[in-house]
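Please consult the sequence and the structure shown below while reading.

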Amino acid sequence: MTARTLFEKVWDGHVVHQFPEGPALLYVDLHLVHEVTSPQAFEGLRQAGRRVRRPGLTVATVDHNVPTGDRAAPIADPIAARQLEALAVNAREFGLELFDLRSPEQGIVHVIGPELGLTQPGMVIVCGDSHTATHGAFGALALGIGTSEVEHVLATQCLVWSKPGTMEARLSGALAPGVTAKDLILALIGRIGTAGATGHVIEYTGAAIRALSMEERMTVCNMSIEAGARAGMIAPDETTVAYLAGRPRAPSGAAWDRAVATWRELRTDPGATYDKQVELDASAVAPQVTWGTNPGMVTPVTGRVPSPADFTTDAEQRAVTRALEYMGLAPGTPLEGLPIDRVFLGSCTNARIEDLRAAARTVRGRHVATGVRAMVVPGSQQVKAQAEREGLDRVFSEAGFEWRNAGCSMCLGMNPDVLQSGERCASTSNRNFEGRQGRGGRTHLMSPPMAAAAAVAGRIVDVRSWGRERAAP
Amino acid sequence: MMEPFVRHTGRLAALARANVDTDQIVPKQFLKRVERTGFGPALFHDWRFRSDGSANPDFELNQLTARGATILLVGENFGCGSSREHAVWALREYGFRAILAPSFADIFFANCCQNGLVPVRLLPQEVAELFRRHQAAGGEYQLTVDLEDQRVDDGLGFRTTFSMEPYRREMLLHGLDEIARTLLVEDRIGAFENKRDAGCGMREAS
């Protein structure tokens with residue numbers, strides 16, 4: 001038997017049909033659906049008189065445009081309300097399970113999948129959302145798809161996909177104190193660029209990856225798309241198995257034992273080769289902060305805003321000039337010390353319980369700086385409830401953070417949580433595109449402890465030295 | 001039903017930017033619609049319009065010569081970021097039939113092929129040459145994109161070929177419904193499911 005990569009094993013196990021003209025028809029084990037990219041797909045089914053082939057393999061939730069304030073209040077935006085209502089109607093009509101705003105299990109689709117144990121190793125998972133890559137942390141092949149593909153999966157439970165290339169991202173060494181999984185993935189994107197893995201599926205390997213918790217692995221895989229990869233994967237191990245044990249939708253009893261036995265086979269064989277490889281020494285990674293308008297425009301917090309002259313091609317120089325103008329930054333400005341107006345702790349990248357714990361450790365006994373507005377938006381209602389059991393909500397509230405309900409919120413600003421023009425935000429989300437968090441808003445991506453420290457300091461700080469200067473009481 | 005694309009001659013609009021993300025193509029405030037239509041006015045909204053709603057005269061698509069353009073020339077990694085197909089719907093509704101770039105983001109490329117918007121990958125030097133020719137012509141520049149022959153031609157000496165996976169090309173040429181095409185092998189899906197559902201490890205999500 002030829003040596004195969006993790007990706008190839010999952011791919012081979014899901015090919016329903018190979019079209020002679022190129023792509024394969026891949027079977028989908030789990031289809032996650034949310035309110036923004038699905039209404040047109042359901043309408044398409046209706047017009048063609050088609051049904052959902054496997055309602056039991058399809059799960060819906062609301063996350064993108066939901067308000068994160070008081071759940072008892074009616075939704076102020078009538079267009080958003082209509083979209084939420086459309087999903088409710090579609091779920092009813094097509095017989096799908098829906099975690100709606102009243103559900104204690106509602107949350108960001110990429111947070112609740114793993115949390116409920118829906119996400120499992122070896123699955124093919126799709127969702128009309130580019131951050132579906134998150135679920136690859138379990139050794140699933142998980143990818144974002146467009147709405148036409150959503151309709152196709154609803155109707156056929158299959159996806160047409162041309163086999164991508166493989167890329168190994170080997171992350172060796174160990175992360176230093178104060179450095180997180182977010183810094184690791186930002187540093188990797190900084191190295192290979194936002195198109196560095198286009199056309200490929202990344203497999204993250206190496207000691208630094210093995211040492212990560214499941215939640216940290218999700219942070220890494222989540223941002224695969226920011227490097228251009230539709231999917232990122234990590235081979236399952238004991239950490240994966242321990243995370244899934246006892247989750248409500250994970251197998252149980254004898255089925256659990258059988259599942260675990262198959263999961264253990266899900267690793268790249270010795271001698272298997274990748275189409276591309278990149279290596280990064282995790283021990284050399286410092287806390288990262290983006291300075292520009294894509295996630296590849298990133299530097300260690302100890303660094304400075306670059307100058308267009310530091311770049312070689314005309315296109316790069318133009319892009320940097322434009323980014324600096326948008327961000328209101330002059331070349332050579334140190335990142336450390338840059339004053340901020342807003343802080344957003346949230347998103348499918350960094351709003352799980354470990355993220356909130358890490359941020360709470362940083363702010364405990366301290367207060368958000370004068371003039372800074374900071375909010376915490378847990379990734380799911382279950383994360384929120386867990387945080388409240390641990391008293392983290394009080395830590396944040398006493399520190400002057402707003403404590404909200406679950407949703408995508410200011411990661412993309414579809415709901416009322418948006419930046420005003422010119423506001424500078426320390427954000428734990430995944431995209432610093434122009435206008436992403438609000439027209440004219442300036443986003444600096446960073447880890448939860450870094451964003452929490454920025455909230456307290458009122459400026460971007462290096463959480464490593466800042467922690468020493470002001471030892472927590 | 002997707003509009004078939006065999007060959008198309010039209011005016012070229014040039015947007016000399018790399019890494020244009022789908023948040024720029026359709027900003028999020030327009031994603032709340034439940035229809036596939038109505039996204040044309042949202043195209044490049046925050047670049048096209050100033051905050052007071054007036055047209056931004058500096059933006060490339062607002063140039064007089066870009067009026068009525070049906071082919072868009074852009075920099076590398078076009079369509080990166082969010083999977084929103086709304087970006088493709090907006091480009092189509094605005095009037096574009098083809099996009100020429102050195103590279104596209106994966107999800108965006110797939111979305112184009114679902115909507116009769118032909119994503120044409122050219123070599124970086126060919127794209128650079130087209131930008132030069134567009135500029136030299138003062139923006140008055142026409143091209144033919146021929147999907148049947150996989151050729152791009154300006155009738156003035158620029159002539160090149162491009163590749164397109166046969167499956168996608170067929171879909172675009174004939175405006176095929178991908179679901180109907182897949183259902184031609186529905187028996188295979190059923191056979192796969194029988195084997196899969198009898199196996200271990202996987203179960204109904206709910």
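Predicted model: local features only at pLDDT ≥ 70, side-chain atom pairs only at ≥ 80, totals over all residues.

## Helix H3 of chain A

Helix H3 of chain A comprises 17 residues, 78-94.

The buried residues of H3(A) are A:Ala80, A:Gln83, A:Leu84, A:Leu87, A:Asn90 and A:Ala91. Because these residues cover an arc of only 120 degrees around the axis, they lie on the same side of H3(A). Their packing partners in chain A are helix H2 (39-48), strand E4 (58-61) and strand E5 (97-99). After H3(A) comes A:Gly95, which has a positive phi, near 75 degrees.

## Domains of chain A

The domain assignment divides chain A into domain 1 (6-276) and domain 2 (288-469). Taken over C-alpha atoms, the centres of domain 1 and domain 2 of chain A are separated by 25 Å. In their contact, domain 1 of chain A takes part with 37 residues and domain 2 of chain A with 35 residues.

On the side of domain 1 of chain A that touches domain 2 of chain A, two or more residues each come from helix H4 (109-116), helix H6 (181-192) and helix H8 (214-222) of chain A. H6(A) gives the most to this side, with 6 residues. By class, this side of domain 1 of chain A has 12 nonpolar, 17 polar and 8 charged residues.

## Contact between chains A and B

Between the two chains, 67 residues of chain A are in contact with 50 residues of chain B. The elements of chain A that give two or more residues to the side touching chain B include strands E1 (15-18), E2 (24-27) and E8 (158-161). Helices H2, H3, H5 (147-156), H10 (253-263) and H11 (314-327) of chain A are also among them.

Which element provides the largest share of the side of chain A that touches chain B? H5(A) does, with 7 residues. The side of chain A that touches chain B divides into 27 nonpolar, 26 polar and 14 charged residues.

Methods: Residues numbered from 1 in each chain as written. Chains lettered and ligands numbered in written order. Helix = DSSP H or I, 4+ residues; strand = E, 2+ residues; numbered from the N terminus. Expected span 1.5 Å × (residues − 1). Buried ≥ 20, exposed ≤ 12 C-beta atoms within 10 Å, placed from the backbone. Arc of directions from axis to C-beta. Contact = placed C-beta atoms within 7 Å. Domains from an automatic or database assignment. Nonpolar A, V, L, I, M, F, W, Y, C, P; charged D, E, K, R; others polar.
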